[in-house]
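Q: I would like a close look at a single part of this model, and then at what surrounds that part. Please keep the account plain.

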Amino acid sequence: MNIHNREMQLASALLTYQPANLLNLPSSVEVTDPWGNGGAGIGSGSNALRTAMGEFYERQHFYMDVVPDFIGSLDHSLGEFETSKFIQAFTQTKTPQITQRSLILHQYNLSKVIRASDLSLCHIPTACIALSTTRTETENFIYPLRDTCGCAFGWHPEQAIFGSIKEFLERQFLIRFWLTGTCIKIIDAPTVPSKLAGSRVETLGKALMMSGELSFIDISDVAYPGICILAVYGQSNTEQNVRYCAGMAYAATLEQAMEKSLLELWQTFRFIDVFVATEQTNESIHDSYLKYFLQCNHYQTYREITSLHTQSQAPSSPPIEPFCLSSLLGCLTKHKALGYIYLKMVPIENQFGFCSKFISPDFFMHMNNAQNINLENLYSRPFLHAIQPDRKKQMVPFP
């Protein structure tokens with residue numbers, strides 16, 4: 001079912017609803033506009049629609065509506081220590097021709113953000129926020145790769161900020177997992193049905209386990225509250241369209257994280273299945289992350305990502321600390337990590353939503369671990385020695 005919006009000044013132009021053939025399977029919703037911005041959602045009832053619209057508003061804002069406030073040096077409103085942290089990160093993300101002195105003297109496009117430590121205002125490079133390079137061309141050689149890591153949409157400011165920090169941290173956990181090949185544990189296959197029992201994805205989990213191989217990997221960081229689960233699917237039958245796909249979620253409990261990660265996996269499953277069935281080519285995909293993910297559609301990718309070592313710490317159990325915005329902010333402060341929150345109110349017809357992005361030079365600045373990334377940072381310092389050399393050259397197989 002397609003719903004067209006002929007009023008182009010409104011938020012969306014086309015909504016595509018794809019109900020599941022079976023009532024017990026999640027439905028799919030996609031939202032696109034004439035400029036190529038899109039959002040997708042998977043779930044039951046109106047959950048899929050809400051998820052898709054939220055992602056659409058998020059992508060539309062960060063691709064099109066983030067603008068610099070003015071041009072100035074890094075230390076315009078940042079302290080000496082903060083400036084040095086950004087220089088340290090940009091020294092690793094820049095192209096080789098640029099010197100460190102040039103990074104210091106450069107006049108950056110700057111945007112207003114909030115310090116996570118004390119909620120004071122300051123300005124950081126717009127390139128760290130915007131997904132488009134059209135308004136930050138002068139920083140393309142300093143910070144060339146941009147992605148949605150740390151972006152979120154919400155109808156309330158706290159909801160948007162919490163979502164952005166959750167999204168940012170789960171991506172950090174994913175890169176650490178991929179670079180080191182270690183995790184907390186792999187959820188035992190016999191226990192998976194009981195963990196999903198009564199959830200919205202119970203039938204979906206059973207179907208995927210019957211058709212191929214399904215693994216849930218606990219990639220949580222014990223230094224932070226909550227459980228982060230990476231769900232991966234593998235299919236050894238080369239005649240099947242989907243031979244590898246993945247989903248990830250960071251939530252308060254193991255069961256919630258497993259359910260949400262499986263919904264995200266099903267979203268990528270459906271995309272790959274339709275993409276292959278309709279005989280589309282990778283050249284038709286503009287997003288570099290998605291193009292790379294499609295290239296990883298092989299059973300060997302599943303085998304590689306599930307061949308790992310487990311750590312001897314922290315079983316998959318509810319954390320002692322509550323899983324909320326204040327506890328995540330408290331953890332960042334505890335670890336003395338710099339953090340900056342971009343928050344913008346977005347008019348949507350007769351109401352307002354909020355777009356947020358969390359940025360920190362003390363963590364990985366984006367998700368492409370194989371190119372122009374600050375591998376050496378405060379977060380990676382404890383496991384820098386454990387990074388597998390071959391993983392530095394291979395981007396994590398995740399959309």
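Is Val67 buried, partly exposed or exposed, going by its relative accessibility?

A: The model is a predicted one. Val67 counts as partly exposed because its relative accessibility is 41%, which falls between the 20% limit for buried and the 50% limit for exposed. Val67 sits in the loop that runs between helix H1 (47–64) and strand S5 (70–72). Apart from neighbours within four places in sequence, Val67 is in contact with Ser111, Thr126 and Arg135. Along the chain, Thr83 is 16 residues from Val67, and the C-alpha atoms of the two are separated by 21 Å.

Not counting residues up to four places away in sequence, His61 touches Val66, Tyr342, Lys344, Val346 and Cys355.

H2 covers residues 80–93, 14 residues in total, and reaches 20 Å from its first C-alpha to its last. That span is close to the 20 Å expected at 1.5 Å a residue.

The loop between S6 and S7 holds Leu119. Leu119 is not a glycine, yet it has a positive phi of about 65 degrees. Most residues other than glycine have a negative phi. With a relative accessibility of 59%, Leu119 counts as exposed.

Lys336 also has a positive phi without being a glycine, here about 55 degrees. Lys336 is found in the loop between H10 and S15, just after H10. At 70% relative accessibility, Lys336 counts as exposed.

Helix H10 itself spans residues 325–334, and its buried residues are Leu325, Ser327, Leu328, Leu329, Cys331 and Leu332. The cover over these residues includes helix H4 (157–180), strand S13 (244–251), strand S15 (340–348) and strand S16 (351–359).

The cysteines can be taken next. The structure holds 0 disulfides. For Cys324, which is in no disulfide, the nearest cysteine sulfur is that of Cys331, 9.5 Å away; a disulfide would need the two sulfur atoms within 2.5 Å. Cys324 counts as partly exposed, at 25% relative accessibility. Cys151 is likewise in no disulfide, and the nearest cysteine sulfur belongs to Cys149, at 7.9 Å. Cys151 has a relative accessible area of 3% and is buried.

Helix H7 (residues 254–277) and helix H8 (residues 288–295) have axes that come within 12 Å and cross at roughly 75 degrees. The two helices are therefore roughly perpendicular to each other. On the H7 side the contact is made by Thr268, Phe271, Ile272 and Phe275, and on the H8 side by Leu290, Phe293 and Leu294. By class, this contact has 6 nonpolar residues, 1 polar residue and no charged residues.

How values were computed. Residues are numbered from 1 along each chain as its sequence is written. This is a predicted model: local features need pLDDT of at least 70, side-chain atom pairs count only at pLDDT 80 or more; totals for chains, interfaces and linings use all residues. Side-chain values use heavy atoms; hydrogens and water are left out. Buried means under 20% relative accessible area, exposed over 50%, partly exposed in between (1.4 Å probe, protein chains only). Axes are lines fitted to C-alpha atoms, for helices over the stretch in contact, and angles run from 0 to 180 degrees between N-to-C directions. Helices (H or I, at least four residues) and strands (E, at least two) are DSSP runs, numbered from the N terminus. Angles under 35 degrees count as roughly parallel, over 145 as roughly antiparallel, 65 to 115 as roughly perpendicular and the rest as oblique. Contact means heavy atoms within 4.5 Å. Ala, Val, Leu, Ile, Met, Phe, Trp, Tyr, Cys and Pro count as nonpolar, Asp, Glu, Lys and Arg as charged, and the others, Gly among them, as polar. The expected span of a helix is 1.5 Å times one less than its number of residues.
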